[in-house]
Amino acid sequence: MKDLEPTDQPMSEVKETTYWKSLSELANNKEYQKFTEREFPENATELSDGVSRRGFLRVMGASVALAGLASCRRPVQKILPYSKQPEDVVEGKPLYYATAMPVQGNLVGLIAENHEGRPTKLEGNDMHPASKGGTSIYNQAAILGLYDPDRSKSPLNNGNKVSRQEFEEFAASHFANTNQRIAFISEANSSPTYNKLKEQALSKFSNASWVTYEPFGEDNVLEGSRIAFGSRLRPHYQYGNADVVVSLNDDFMASTHPNSVEYAKQLSARRKVTDTSGELNRIYAVEDTFSLTGSYADNRLRLKASQVEAFTYALAAALSTRVNGLDAFSGYSNEFSDHKWITVLADELAANAGNSTVSAGAQHKAEVHAAVAAINQALGNAGSTVQYLDVPHVDEQSSQQAFADVVADMKAGNIDTAVIVGANPAYTASGSVDFKNALSNIETVINLSDYVDETARASHWHVNRAHFLEAWGDGYSYSGARSIIQPQILPLHDGLSEIEFLNAIVNGSIGKGYDLVQETFRSYYNTGFENRWTTILHDGIDTADNFNAPSVSLASGFGSNMSRATSNVSTNSGIEVVIKPDATLYDGRYANLGWLQELPDPMTKVTWDNVALMSPATAEQLGVENEDVVEITVNGQSVRIAAWLQPGHADDSITLTTGYGRKGLGRVATSYIDYTAGGVDVYPLRNAENALYASADVSSTGDTYEIACVQDHHSLEGRDMYRQASISEYKENPDFASFESVHTYPVPGMKEAKEMGEDEPISLFDEQTYPDYEPQWGMAIDLNSCFGCGVCVIACQSENNIPVIGKKEVKNGREMHWIRNDRYYVGDNADEPQAVHQPVPCMHCELAPCEQVCPVAATTHSEDGMNQMTYNRCIGTRYCANNCPYKVRRFNFFNYPKEYLTTGDDPDIIQMAMNPEVTVRFRGVMEKCTYCVQRVNRAKIEAKKETGSPKPADGTVKTACQQACPADAIYFGDLTDDNSEVAKMKRNERNFQMLEELNTRPRTSYMAKLTNPNPALA
Ligand code: SF4
């Protein structure tokens, strides 16, 4: 072998080093150095604080136990064969059925994978418009919710267990009195069967009222349409058709949005660029908190939430001089009228009239939504890039007003019975409402919920709700596609679905969900019902038609409404508090799911807690740093919560998220020493009149509170790991992502390799040869599509039985996720950085540094090019992790499953959640991404049976992360197939390898990101 010429260039030198994960890294301070110098998580023999592992595991519920039972050190268990084999079941072969998940009342079409009668994994349904094959984090985590041992398991009467028959008898006798004053408070529900029962309830009980209650619902959006167009219409955007997208504090790509998957699919498809002839649309985000949509935007402006209203009116006024239809804003001006962004946006929108979208965050005032609707109408976007849908099941009146009215009635003693379906207002209602107090005035409170939650505990009767995977149901997607919810398993705890619960109240008997749904669907089909029913169940969708989209025009009172709004607009001059749904727990309904608790917040990377997010300047003004506890007071209500500095956050603004600070909900959600969720309940600070923001008094308490944040874990310490360019730079220099374009020196060893007739630098190590008959697997991740949602992380966790380790262990840097999502800030300005996302799984290096150092050959290479782990051989030296430059190997510091199995209290249920195709690891074993080898091998076997070759056709095998990704950012396939999608991506000039200079030859590579910033805002 020829000696390589020494280079005096440092290996890390890149032309620009502008990527940083945290303010500590930017400052390169002691805190950052401490973690990176240690580099690998602390050794472990025992938990260090005296709490036994057993105690820890007891509190972790299904989340940890999923690490479970298939371990080769598991207790011996007997397996019995079927005495009567079900016709369709072949043991070891999964079956797939269509179903749909209600998300904030809207159905998302899913496909459930079932093993021997139990669902184990959920995927998006390609045929369903709300998923188009993708999923959100909530869709992925729903399987954990099904098997959560902390779900409510029985109806309760005054806290005592009763049978469902006893509830049925009670309902029949209690609701025989049809004159009583009943308040129905229900979460949003699009089910036609449910809404039929609602109509029956309102006609049967003459003194009943019905309120749809969602803490982060769409009421203001609907009211905005009413002000603008005279009807409560739902805007449904077509981002794929829009050349200019303007988000006014609307994080529509995040899982917290009810239509996030469809929107992410649309927008990312519009950003696919395969060569220099491609074009990008342009995305603008105006927002207070750094959001996922904001990080995907080409231009971002930080504004306080209370300034968005004035900004919107200024934009409408600027547009009124460019397009017709905005006379209501003509001549109006405010402090933003001369803002550079207003002129730029007005010019861009006017130039792209009919091909643009403007949207506002759902919690902004109705008047903001009215102005936005008028802008879309004036631009000709209405009917083109945005449809205004007439949704039959939304309330005709303002839900917020109806909720306020019913609470007033409750307080005044005007309600005899409250029926609360699914919602949890005792936890989520604004502090100013004092819902619990109102509830205590009522003689009979009946509730249906998943957990014995805050509302259930304040009710006289509680009924345990069946999970959507256990019960028949129906409903509509966000845009109006009708589907049936097909159960995958009998109710584990004999729970009732919403329609069965309501049927018991309205008709005196629970009935059968199946019959109730069939009755609804029979009404749609006079003939051929049986065939149609079978087709719907098979496809998971009945009709993909949208709701009616009437043509819209401005309502007669629009001008006067806007005149009132523009003359009353005001912004908070001091510090304001903004309350938003949490990125992973939403409004708190997912708080007991350990996968979601441990999924790092996509922007802050904080796990297991909520924090008070603020800009570095605001933190300085308050004299606080990360983890300093601040006291925040709004309208006399106070909370104490840890501060967290968020680069890019608006100044004089603090963002809080909901879902934390739970008491008694379940073992994961309830704070238990340092292992499970902590955080603070911030709903008391919420104000019913303006639920989004309020003026606040904030002060430092002098206390500190530890936060488990992963942003500096697995750091690549400023090495070259991310590449991006603007679309115009790409057109000028298509090779911008090449090593030579980025570095000040050529790929080490390449010159010598070329002289020897090689394409790649030569290696010190023996190189593996790969047989021609085998496929060669590779992955490419398009950074232009990825927006950092984290769905891939949860999909991988679900597919591969990855354990949750708890807050304390995350803090020690021991998180087990096989794919991590690195979020980098870009630029030297901590106030105005760009943010980008990079998923990092095992790179499956052809010259894998991990393989060279394993003393027992536990990590080796397969003939189809995968870096594989032989768990039985691993002796836990962790040399491989130390030698991995990508830091993607994960070590089991504890034997979670063994401990749990010998002490757990719900093993039967937990066993059902396991993916039986994946081996489970135990203490002392290294693990990492396998490219979902179980899926690969299944596809190879099928291909060999059908064609004689183990090379599956392109697209027949998808990794879990790839399948779940709502942005189609991940490509996987056989590199020996020149026509495979992944091979095409690897040939693209944007393709690059992370740390290429190390000559590890990773099989996973990246497509460099492209942006389209407006030069006028540079
Ligand atoms: S690659 Fe992962 S983080 Fe990126 S968009 Fe897809 S699922 Fe979300």
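My entries on the ligand, a sheet and one leucine follow.

Ground rules. I am working with a predicted model, where local features need pLDDT of at least 70, side-chain atom pairs count only at pLDDT 80 or more, and totals for chains, interfaces and linings use all residues. I number residues from 1 along each chain as its sequence is written, and side-chain values use heavy atoms, with hydrogens and water left out.

Ligand. I looked up what surrounds the ligand and found 14 residues, each with a heavy atom within 4 Å of it. The closest are Cys786, Cys789, Cys792, Asn821 and Cys965. By class I get 11 nonpolar, three polar and no charged residues; Cys counts as nonpolar here, while Asp, Glu, Lys and Arg are the charged ones.

Sheet. Next I traced an open sheet of three antiparallel strands, in the order E2-E3-E4. Strands here are DSSP runs (E, at least two residues), helices are runs of H or I (at least four), both numbered from the N terminus, and a pair needs at least two bridges. Strands E2 (95-103) and E4 (118-124) are the edges, each pairing on one side only. Strand E3 (residues 106-115) pairs with E4 over six bridges, and I see Ala112 opposite Leu122 in E4.

Leu537. I found Leu537 in helix H20 (residues 529-539). Is Leu537 buried or exposed? Leu537 is buried, at 15% relative accessible area (buried is under 20%, exposed over 50%, with a 1.4 Å probe and protein chains only). Leaving out residues up to four places away in sequence, Leu537 touches Ala98, Trp472, Ile484 and Gln486, with contact meaning heavy atoms within 4.5 Å.
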